[in-house]
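Subject: A structure for you to look at

Hi,

Here is the structure I promised to pass on. Please open it next to this email and follow along as you read.

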Amino acid sequence: MALFMLPLKEKVFINLYLILNLSMNKYILPCFVGIFMICNVHSQDPDLEASIERGSEIYTDFCVTCHKGNGEGVAFTYPPLAMSDYLMGNREKSIRGIKYGQRGELVVNGVTYNNIMDPLGLEDDEIADVMNFILNSWGNSSDEMVTVEEVTIITD
Amino acid sequence: MKKSILYLYLFVVTLNYSCAQDAENKVTTPENIAFSAELLIDELQIPWGMAFLPDGSMLITEKSGTIINFKNGIKTTISNVPAVYTRGQGGLLDIVLHPDYSNNGWIYFTYASEDGDEKGGHTALMRAKLKDGALYDNELLYKAGPNTTKGQHFGSRIVFDNDGYLYFSIGERGARDVNPQDITKDGGKIYRLYDDGRIPEDNPFVGQEGAKTAVYSYGHRNPQGLVKHPETGEIWDHEHGPKGGDEINIVKKGANYGWPLITYGINYSGTPITDKTEMEGMEQPIHYWVPSIAPSGMAFVTSDKYQGWKGSLLVGSLSFQYLERLTLNGNKVINREKLLSDMGRVRDVRQGPDGFIYVAIEGKGIYKLVPNS
């Protein structure tokens, strides 16, 4: 009898039984976990995924020395990007800061920073990529992808 | 109970001995500051290097690509400066005068340059003379290649030794597994040239097939401090580590400083780079910093202007934004002191011909340390 023809109660039971049985094999469970994770990643926009991937490389090359490996920054010196109210609430200003540099006072999560970020010399597509990376890392999450066009129209 | 106290004691003792540099890695703030910092030149963005001309004026490189002459309180922008590749850490970098400048007029500077066929940039060394606010007789002495669009680790500092050789540094350009350990590739090296750019015949890799024969030492990460020891005449460098593991090294001919095979640092993400801090055939630093201070600029104090400072080494900190004074006993760091706290990213420090200390701070300008009378 095919599984789909069974009443719901039996279906759940058989499913649980199968999972339990298969879990006995130590190789099967990680396999399921792996498949589950892959499915989850692919449920996001593949363009956004690719942009985030490219952005992580830009981050390593241009940002990590000050904003650090987990986006935590340096207390009172370089503002955090992880769970940053400024970054998550000021999309346009954040893009402008990366594109043209940042100078003067900036309040992030209640702390006032007064420092300089030199213009980084990044191309517009690289700025979009690194924005997508920082908007979707270390607990940050943003559904709306930053596009190259969005970066291009922002002026000093 | 007694036993557990004993174990605890042994544990603490073992822990202490396992930290090779326990004392040195604690930086102290002095109670009495014997000087005041006077802002000599204001409104600079990223003053990267400084040189003192015989007429009492100063040359300052701005990372963005301009050379400024500061004379009698007035800033003049020098013309005919080469095009500079400003991306990430790249830009106009160090500037020094020839030891015999008053006779030959040569000024040397390093910068990130797009010269070459590939997209991107790499570090270049140029010399030129200065007249009426303009550079002339510009000579490109070295251009590293191939270009890359990577944003990090251009170096660079320049210094002359007592025999007139010119040394300059280039960082590994973000290719740590490719460049620093390979003497046929540029980057992650300290180079040695004659003052006119020719390669000395006795450079360590002359005659080796494919070698970059200007290379003097290798296995460096990103040296942004290079000075001559006032007594021994040796060349000392400091270089940025990753997360932890900034180093001070004494530069030796043909020596390998180990990056990235040995390091006291880890990846920015917190994962290890290697489990080794030393290896046969590789040099040990005379000092390392954990956590990283991000050192830039370096100067030995040789004047008597500041009480108790003679013989110490001054180093700028970019990440913690202060000036560090290291007291030395021979080649050993015995004390670290924090000066100019929270004034900004210290990019360069020099002792002027007048014996005073000058400090370049990003977003501010050039400060002169004036001893309290």
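Which residues does Asp129(A) touch, not counting residues up to four places away in sequence? They are Ser51(A), Arg54(A), Gly55(A) and Ile58(A), where two residues are in contact if their C-beta atoms, placed from the backbone, lie within 7 Å.

Before going on, please note that this is a predicted model, in which local features need pLDDT of at least 70 and side-chain atom pairs count only at pLDDT 80 or more, while totals for chains, interfaces and linings use all residues. Residues are numbered from 1 along each chain as its sequence is written, and chains are lettered from A and ligands numbered from 1 in the order in which they are written.

**Chain A**

Chain A has eight helices and two strands, and from the N terminus on they run α-α-α-α-α-α-β-β-α-α. Helices (H or I, at least four residues) and strands (E, at least two) are DSSP runs, numbered from the N terminus. Of the 156 residues of chain A, 25% count as buried. Buried means that 20 or more other C-beta atoms lie within 10 Å of a residue's own; exposed means 12 or fewer, and partly exposed is in between, with C-beta atoms placed from the backbone.

Back to Asp129(A), which lies in helix α7 (residues 124-135). Asp129(A) is buried because 25 other C-beta atoms are within 10 Å. Asp129(A) and Ile58(A) are 71 residues apart along the chain, yet 7.8 Å separates their C-alpha atoms.

Helix α7(A) also meets helix α6 (residues 91-100) of chain A: their axes come within 10 Å and cross at roughly 130 degrees. (Axes are lines fitted to C-alpha atoms, for helices over the stretch in contact, and angles run from 0 to 180 degrees between N-to-C directions.) That angle makes α6(A) oblique to α7(A); angles under 35 degrees count as roughly parallel, over 145 as roughly antiparallel, 65 to 115 as roughly perpendicular and the rest as oblique. Ser94(A), Ile95(A), Ile98(A) and Lys99(A) of α6(A) make the contact with Ile127(A), Val130(A) and Met131(A) of α7(A).

**Chain B**

In chain B, four strands form an open antiparallel sheet in the order β15-β16-β17-β18; strands pair if DSSP finds at least two bridges between them. Strands β15 (223-228) and β18 (287-289) of chain B stand at the edges, each with a single partner strand, so one side of each has no neighbour in the sheet. Within the sheet, β16 (residues 235-239) and β17 (residues 246-250) of chain B pair over four bridges, and Trp236(B) stands opposite Ile250(B) in β17(B).

Now for some backbone details. Most residues other than glycine have a negative phi, and most peptide bonds are trans. Where are the exceptions? One cis peptide bond joins Val290(B) and Pro291(B), with omega about 0 degrees, and Pro291(B) lies in the loop between β18 and β19 (295-300) of chain B. Another cis bond runs from Gly155(B) to Ser156(B), with omega near 10 degrees.

Two residues have a positive phi without being glycine: Glu43(B), near 50 degrees, and Arg173(B), about 55 degrees. Are they buried or exposed? Glu43(B) counts as exposed, with 9 C-beta neighbours inside 10 Å, whereas Arg173(B) is buried, with 31 other C-beta atoms within 10 Å.

**Where the chains meet**

The contact takes eleven residues from chain A and 17 residues from chain B.

Enjoy exploring!
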